[in-house]
Amino acid sequence: MRRFLRPGHDPVRERLKRDLFQFNKTVEHGFPHQPSALGYSPFLRLMAIGTRSGAIKLYGAPGVEFMGLHEENNTVMQIHFIPDQCQLVTLLDDNSLHLWSLKQHGGTSELREEHRFTLKGPPGSPPSATQVTAVLPHSSREVLYLGTESGNIFVVELPSFRVLEDRTITPEAVLQRIPEDNCNRRSCELVEALREHPKNPDQILIGYSRGLIVLWDLQNNKATHHFLGSQQLENLYWQRDGSKFISCHYDGSYSQWPVSSDNRQAEPLENTVPYGPFPCKAISKIYWQTTKNGLPYIIFQGGMPRASYGDRHSISVIHGSQQTAFDFTSRVIDFFIIFSSDPAAEFDDPSALVVLAEEELVVIDLKSAGWPAVHPPYLASLHCSAITCSHHVSNIPLKLWERIISAGSKQNLHYSSMPWPIDGGTNIAPDPPQRDLLLTGHEDGTVRFWDASGVCLHLLYKLSTVRVFLTDADPNDNMNTLGEDEWPPLRKVGTFDPYSDDPRLGIQKIYLCKYSGYLAVAGTAGQVLVMELNDEDAEHVVDHAEADLLQDQEGYRWKGHEKLKTRDGPVRFEAGFQPFVLVQCQPPAVVTSLALHSEWKLVAFGTSHGFGLFDHQQKRLVFVKCTLHPSDQLALEGPLSRVKSLKKSLRQSFRRIRRSRVSSRKRRGGGGNASEVQEANAKFDQDVLQEMELAPVQRKIEARSAEDSFTGFVRTLYFADTFLRDSSRHCPSLWAGTNGGTVYAFCLRVPPAERRMDEPVRAEQAKEIQLMHRAPVVGILVLDGRSTPLPEPLEVAHDLSKSPDMQGSHQLLVVSEEQFKVFTLPKVSSKLKLKLTALEGCRVRKVTVANFGSCKTDDYSENDLAVLTNLGDIQIISLPFLKLQIRYPCIRKEDVSGIASCVFTKYGQGFYLISPSEFERFSLSTKWLVEPRCIVDMPEVTSNNHVHKSGTENAARNS
Amino acid sequence: EFRRFSLERSKPGKFEEFYGLLQHVHKIPNVDVLVGYTDVHGDLLPINNDDNYHKAVSTANPLLRIFIQRKEDADYSAFGTDTMTRKKNVLSNVLRPDNHKKKPHIVISMPQDFRPVSSIIDVDILPETHRRVRLYKYGTDKPLGFYIRDGSSVRVTPHGLEKVPGIFISRLVPGGLAQSTGLLAVNDEVLEVNGIEVSGKSLDQVTDMMIANSRNLIITVRPANQRNNVVRNSRTSGSSGQSTESSLPSSTPNILGSLLQGEEESDEEDIIIEDSGEPQQIPKAAPASESIESLSQIELLHESTQNGFLPSSEMNLNHSAGSISMEYEVPEPGRKSLEEDGTIITL
């Protein structure tokens, strides 16, 4: 019989499938992992970020995003926009140069790689002869000057990358022009900086690392000026009028040099060590920005006193008497200043400082007093504290949306009101069809609410659960209270803070009811908080209850962490979600499942020991059920990480996140010696690889038995109003599924609304189903008489869903890691099943019901199961007949953290972490697709670029 | 507890009489018991009708060892546990074919006494170099007990010899099911699991497939040692310890067939407990009684022919410490054997 039920090829269904399903990876949200280079085009007002994996990402106005990937997957070392062009050049660590351009295609702009090029020296020359250290795209847009380690400066024609050999500037030619007494051959090694004269495109400034600086006349091929610094050179910067330039040095000093026609060998006007007199670290980059009032902005990276602040990642801004050293929690990759790019303007008038640190992007408003930070609309650091879980809520009612935004805006008062200064390009994507929230739980006990409706993942509101508990570090104790007279004037900026005071605070499960605004969050130490949205600040006592999940089980000893200590007395909460009930599981094991029913005012929670039901209206524990197998000693002993057999994937994902953190920490400690750190990293990776290879690659084949450890681990909880006992009366019920393949069903008696406070909620176990294949139950679902999943609580009350069919017979769908099974209700008999693991060897990791609409007609939609397997495949399985519709490879199967972090939306989209800081968004639906669609206007290129530049730029900005 | 008594070999009488005798000897007149005996191969076989009673008596030389067991807590699986493969042979050898044909209605044993055992299947449809093994895990505490690894094998392809990745058995756990059947060996290449080819699947995938099918695991292997291959069209064992063509109706026409059969048989039904009542299978099926209970042991002594005769009505039960053999496989709690006071009854 089964043979005839095998998926046939019904042409009608096949056509419908094409209208319903389509797989796309649409956009990467968050902050690029391991950024390595930064570029900015004042002309396009676009910013480019390169990463260590060879990706290049362009950002402009919110929604304007482009991404490219170098085939070589090598680290991007430098990014340079070609002046007044939609083109940029990247330099990779394999010394290859790549030309990228933004071209319009089908109404949107696309980023494409046009050419690639590797500089080749004469035969026999050492590789250092052509190792590019500095790149200068000339304003003529025709050539690129490439400074190398050997001191040669090669000239390359654009866009063909043809080397113009006759124009090469050799160290010999440079030395000819310089008096020999203060110079030798070695002073021309390694070109550190190349800078074009701001007024005269025929002159470039060449800085060699040993301190020699030469002003080179391109027309006459000679050095017109030379400047001898005593210190190792780090970088150069021209002042706007071209009369002076600044050099910064390895010893933490910077010098100002005059360029006058009469003086051919100048002495510095000024030589300053800003954080002297004790030895300081190098200043690696410096800006000198003129203003109308005459006081310049001097902005530089580094230069901190070596002994006491050598480990800081700082950028200092000096403006008259104001001086601040912005202190970043991660290494500064690069920074740039947004200033008036109108060449006719007399002054720079800087408006913003944009800093790319290793883990976040920080923008400082230089126009407002106090230099506040600007809230970035994109590139959010998702991992400011490690993400421990995520939860997606589709189609948020406007009311709740506004309340969350208003709560969030009260938290963002310290941000500048400046509009986002990087605003190139135009977002032409249609407005998102609905408001979606992505909630991420973090290791430090916070929950972040992200606007996930569109291309820009934007932080709306941040909720902290720390206040409820007593922790070692008091949250009120501000680490940032540095006195006014403190020197250097460090100021912490940015949000990236990977260090959790107490890992027990970590958020493990989140459930938000979008209709009532009830939020339940559960954490690592068995804490479950129920919260309510309040628009005002409030001070109140959080009701506290304890749920002893072990009950009558005796002789067990919990060897894991202790439960969190609660704060006595009233606690002050800011506007937003405010907890009113705290349930703490005993033993305080991590909460593994959570369900909230906002209509019945019940919250259910499960750990590795059992599950409980709490009435948050009456603030009373309704019941607890111990699911522990008597022989399961492991579950009792302690935190999951100590137990071998616990979900390997979870553990590995955490380890991976940790590892990336460790390596970044190491890098910071290394003090910016990039090559050394890379080596260390490579060695580390190698060690890890070796370790993996040494382990024997063999797998034990063993039948699961009831005695396996962690069978009691509660994987899923589900509330349903269904026919549990007899087919004439339906009643509220709670379903729980465990790791050992057991499903428990409890019949609940919830008093009617008018007596809700007077009568207790009662629960009684009605059913217990043991799946004989004993695979972990990862999903439970009740289908109504029309075979549609039961609506969410309050969904019907808000007229957003048809009321479920309570006439026909209900069905129970149990999803284990290995099989999908449909049972009839109330008499449980097996109806249908789909085996996954037994036939394909893959296991279910995530499963959700998703609604798929047809892209052809508006009136057809259907519910299917979206399933992610341990192989990283996404499968769509029809309801209620459990037939595989389609399968897409999505995540690499080795990427366990990606698979563990995947979350599906109700409308066939999904997110997963591609790095600790980035979510990849994908879509399975033809109808719901969120992807960047944007356009960057190609300016007209005329010979008179200076005048024209500002004109087209304004036009581009206005369009 | 042991009783020793004698019977006349030539006139064993009816099974009912013998059964009554046993009840009398043990002073358990109203207790239903299962009767079994050990045959020459040391297998425990049931006695529940005249034919197998007679057979049992005729095979005794001179001592017939009889086991009785209380019916309600009987361990059906005890019959033939030790050498499950040999049991089949013995049965088919012992029961004369003509006798069997003449009286097909005869209850040979309780249905529960028959169960699938691990075996080689589908010999007639597979290439000689392959072997399809059904590892049937049934109630026994033995682990499946083998490990698999990645490896590569050389295949003949249209493009000549080619190295292709494969999955191999890397280790057998001593005392495990895989080892005890003798049907699988280290370095055997796994080709299929329950009818699904493993090529293109990762080690972890194959592991998960095997574990998901562990209740009725059918794996097709290319044995590393090809010398032990089954000889076609012969009903004899390929090597000792292996049985071919078991009496199971398992020869299936094709792979799909075996897959389907596998599915049906592996469908152990899930269990439901309604309102904290008794666990039941879904859909309804007889409750499985699996508890291992006591075995009470009797030694039935046949006077050897040298001793002449023994009166058929007289049972001579002698105590003979030397002849007691302990066959208890029963765990401690199962010790509450049938209640009896006298240790020896002499008639």
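Predicted model: local features only at pLDDT ≥ 70, side-chain atom pairs only at ≥ 80, totals over all residues.

Me: How many aromatic pairs does the structure hold, and what makes two rings a pair?
Reply: Over all chains there are 32 aromatic pairs. Rings of Phe, Tyr and Trp (its six-membered ring) pair if their centres lie within 6.5 Å; planes under 30 degrees apart count as stacked, over 60 as edge-to-face and the rest as tilted.

Me: Why is the pair of A:Phe23 and A:Phe922 called tilted?
Reply: The ring centres of A:Phe23 and A:Phe922 are 6.0 Å apart and their planes meet at 40°, so the pair is tilted. A:Phe23 belongs to strand E1 (residues 21-30) of chain A and A:Phe922 to strand E65 (residues 918-925) of chain A, 899 residues apart, so this pair links distant parts of the chain. Strands here are DSSP runs of at least two residues, numbered from the N terminus.

Me: How do you know whether A:Phe922 is buried or exposed?
Reply: Buried means under 20% relative accessible area, exposed over 50%, and partly exposed in between (1.4 Å probe, protein chains only). A:Phe922 has 0% relative accessibility, so A:Phe922 counts as buried.

Me: What about the rings of A:Tyr907 and A:Trp928: how is that pair classed?
Reply: Their centres lie 5.2 Å apart with the planes at 50°, so this pair is tilted. With 22% relative accessibility, A:Tyr907 counts as partly exposed, while A:Trp928, at 18%, counts as buried.

Me: Which residues do ring pairs link into a cluster?
Reply: The cluster is made of A:Phe23, A:Tyr888, A:Phe904, A:Tyr912 and A:Phe922.

Me: What makes the charged end of A:Lys285 sit over the ring of A:Phe335?
Reply: A charge sits over a ring if NZ of Lys or CZ of Arg is within 6 Å of the ring centre and within 35 degrees of the ring normal. For A:Lys285, the charged end is 5.3 Å from the centre of the A:Phe335 ring, and is listed as sitting over it.

Me: How many residues of strand E27 of chain A are buried?
Reply: In E27 (residues 332-338) of chain A, 7 of its 7 residues are buried.

Me: What makes E27(A) and strand E28 of chain A a pair?
Reply: Two strands pair if DSSP finds at least two bridges between them. E27(A) and E28 (residues 352-357) of chain A are joined by 6 bridges and run antiparallel, with A:Ile337 opposite A:Leu353 in E28(A).

Methods
Residues numbered from 1 in each chain as written. Chains lettered and ligands numbered in written order. Heavy atoms only, no water. Helix = DSSP H or I, 4+ residues; strand = E, 2+ residues; numbered from the N terminus.
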